Amino acid sequence: MSAIATTSGVKSGVNGGLSSRVAPWVFLSPFLVCFALFTLYPLVQSVVLSMQTTFGPGATKFVGISNYRALIHDPLFWIALRNTAIYTLGSLLIQLPIALGLALVLETPGLRGRSWIRLLLFSPSMVGVVFAAMMFALIFEKQTGLANQGLHSLLAPFGVDWSLDFGWLQQHVMSALIVASLWMFVGFNMTFFSAALQNVRKDLIEASVVDGAGPIRRFFTVTVPAIRPVAGFVVLMSVIGSFQLFELPFIMFNNTSGPDNRAMTIVLYLFQNGFETGDLGYASAIGWALAIILLACAGFQRLTARGEEASAA
Amino acid sequence: MSLRATRIFAWLWTRGVLLIAGIVTVIPFFWLIASSFKSNEEFFRSTFLPMDGRRIAWERLTTEPFRRLFSELDFSNSLVNSIFLSSVTGVIATLCCAMGGYALAKFRFKGRGFCTALVLAAVLIPAPLIIAPTYQLLYRIDLLDSFAGLILPALAPAFGVFLFRQAIISGVPNDLLEAARIDGAGEWRTFVTVVLPLVRPMIGTFLMITFLGMWNNFIAPQVVLQDPSKFPLSVAVAELRRGYYNDYGLQMAGTIISILPVMVLFLIMQKDFVSGLTSGAVKA
């Protein structure tokens, strides 16, 4: 009976009648209107703007592709790109292995209080980046900051004299940003890995145990293939998020790009040009440089994912 | 190593790792709370709680930073602004996305393929790319320095339509919709009484995502708003760092006030939120 109802539901009911022909557009219209006005139009306009020089939002002048030409020869843009790339690599190479390791530990069978631990480790990602930046700005201060004081007293028993004057915010800016982002996002990424691990088929694990595979071999032959799609997703999310780094350095360094532009990132440079200098045109060109980098990363991820599917088939 | 020893080692190892991760997670929170109850003098004197020998000197803690936030500064105003902006955006954006997702999931119409492709492509647009043109647009339609200028652009996140489309495809059976129509329910009533209750977890998740998104948003209010009485907490807190640079207790108290409401909300919604957040990635 239910089978009949289902087919009729798909075939006639949802299609027939005048009101249900109009209905989907009525349901879609709030989204479409907002989307057209505040996403599509600005997207098109960003192409136009990137070929203009502006003095505030009102005064514009057409300059063709010279914004892009200037960008390629702009040393500050390259500093921003380099810093952002270092931060992104740091996120990928340090953060994601820790996140996966924690997820593996968290999903060991027989662990009690698992959901509470997951909740605790996830909680920093609820804190807005602005607020975390406020906190870490003080944590990384010389002398009084928690980071130096903590390292100083923790390492003392091992005979290491960690200096209270270690300049997190002066010389080691990228390390400070990466450490802060570890606190903010390890639990977030762990949660995705952990959800993926829950979906690893129990029968495959048991079969490999019966076959006498050790835990390390089991990890590479059963677990890794099973969590690969989610891992790809997490990597892509991390790259996209890291490349848009802005609030953390901007707040930590009091609305500047830090000493010797050590905290300059792509979006921070975009912000400075667009809203401090007032050149929305150059800012849009920087935006397109960012978009192209991210699209290339997304395309690369799609290609490798598809390659794997093809080789698996 | 014997099997027993291996087991004990594994037990200790997993608990040890999780304990360290837990401590590292909690300590900054704890430091933040302790610092917000300190005078500047005390801030320099102690790392966590003020100590008097081996006794915790509770009497050296002070609520002065919080008092100043709400008397000397207009923090209650920023709190209200944040709550207003985040709730209005959350509710309307969730409704818009649920409606859009429903249309793409359960109706067959000309243009459905195009709309779905549009939504999928839009997920790839990085937000910073459209900041400058959106600012120019808001200037032209005279919405700079207004709440509408913040809320309107946040009402149609494409990934929300995508999430609801997925949730409705997998969670709403066609025969239920058919039954509702046979009973004479109109399209809108079917949506409200049949579809929405079935995707309740996704509604919770997405309300939380959009609420958080607005609450924690800094760049948009920083760019759009000029009048300090309109500032949400994110901008007001950042201003503390400029205007009260040497007032550590005040800065940390402002940060706590900004984090606390979100944490409470998270604890209430946590179960649906975390599973809803990961469901898209794991199923996809």
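Analyst: We may begin with the radius of gyration. A compact globule of 313 residues would have a value near 20 Å, whereas chain A has 25 Å. Please keep in mind that this is a predicted model.

User: What box do the C-alpha atoms of chain A fill?

Analyst: Taken along the principal axes, the box for chain A is roughly 70 × 65 × 35 Å. Chain A contains 13 helices and two strands.

User: What share of the residues in chain A is buried?

Analyst: A residue counts as buried if 20 or more other C-beta atoms lie within 10 Å of its own. In chain A, buried residues make up 40% of the 313 residues. Another reading concerns contacts with a separation of 6 or more: in chain A, 67% of these join residues 24 or more positions apart.

User: How many helices and strands does chain B have?

Analyst: Chain B has 14 helices and two strands. Its radius of gyration is 24 Å, well over the 19 Å that the globule rule gives for 284 residues, so chain B is more spread out than a compact globule. The C-alpha atoms of chain B fill a box of roughly 75 × 70 × 35 Å along the principal axes. Of the 284 residues in chain B, 43% are buried, and residues 24 or more positions apart account for 75% of the contacts with a separation of 6 or more.

User: How many residues does each chain bring to the contact between them?

Analyst: In general, the size of an interface is often given as the accessible area lost when the parts come together. Here we may count residues instead: chain A brings 85 residues and chain B brings 74 residues. On the side of chain A that touches chain B, helix α2 (residues 18–49) of chain A gives the most, with 19 residues. By class, that side of chain A has 57 nonpolar, 26 polar and two charged residues.

User: How is a pair of helices from the two chains to be read? At what angle do α6 of chain A and α13 of chain B cross?

Analyst: One reads the distance between the axes, the angle and the handedness. Helix α6 (residues 129–139) of chain A and helix α13 (residues 233–243) of chain B have axes that come within 9 Å and cross at roughly 20 degrees. Angles under 35 degrees count as roughly parallel, and α6(A) and α13(B) are therefore roughly parallel to each other. Their crossing is left-handed.

User: Which residues of α6(A) and α13(B) meet?

Analyst: From α6(A) come A:V130, A:F131, A:M134 and A:A137, and they meet B:S234, B:V237, B:A238 and B:R241 of α13(B). The residues of this contact divide into six nonpolar, one polar and one charged.

User: Within chain A, how do the axes of α4(A) and α12(A) cross?

Analyst: The axes of α4(A) and α12(A) come within 8 Å and cross at roughly 145 degrees. On the α4(A) side the contact is made by A:L76, A:F77, A:A80, A:L81 and A:T84, and on the α12(A) side by A:I266, A:L268 and A:Y269. The contact of α4(A) with α12(A) has seven nonpolar residues, one polar residue and no charged residues.

User: Is A:N83 buried or exposed?

Analyst: A:N83 counts as buried, with 25 C-beta neighbours inside 10 Å. Its place is in helix α4 (residues 75–106) of chain A. Leaving aside neighbours within four places in sequence, A:N83 is in contact with A:M174, A:M264 and A:T265. For a sense of distance, A:N83 and A:F140 are 57 residues apart in sequence and 19 Å apart in space, C-alpha to C-alpha.

User: How many residues of helix α9 of chain A are buried?

Analyst: Helix α9 (residues 202–210) of chain A has nine residues, and the number buried is zero, so this helix lies largely in the open. Just after α9(A), A:G212 takes a positive phi of about 85 degrees.

User: Where is A:D260 found, and what is its phi?

Analyst: A:D260 is found in the loop between α11 (247–252) and α12 (266–277) of chain A. Phi of A:D260 is near 50 degrees, a positive value in a residue other than glycine. A:D260 is exposed, with 11 other C-beta atoms within 10 Å. A:N261 is also found in the loop between α11 and α12 of chain A, and has a positive phi of about 60 degrees although it is not a glycine. With 18 other C-beta atoms within 10 Å, A:N261 is partly exposed.

How values were computed
Residues numbered from 1 in each chain as written. Chains lettered and ligands numbered in written order. Predicted model: local features only at pLDDT ≥ 70, side-chain atom pairs only at ≥ 80, totals over all residues. Axes fitted to C-alpha atoms, helices over the stretch in contact; angles between N-to-C directions. Helix = DSSP H or I, 4+ residues; strand = E, 2+ residues; numbered from the N terminus. Parallel < 35°, antiparallel > 145°, perpendicular 65-115°, else oblique. Left-handed = near helix turned anticlockwise from the far one by under 90°. Contact = placed C-beta atoms within 7 Å. Nonpolar A, V, L, I, M, F, W, Y, C, P; charged D, E, K, R; others polar. Buried ≥ 20, exposed ≤ 12 C-beta atoms within 10 Å, placed from the backbone. Rg over C-alpha atoms; globule rule 2.2 N^0.38 Å.
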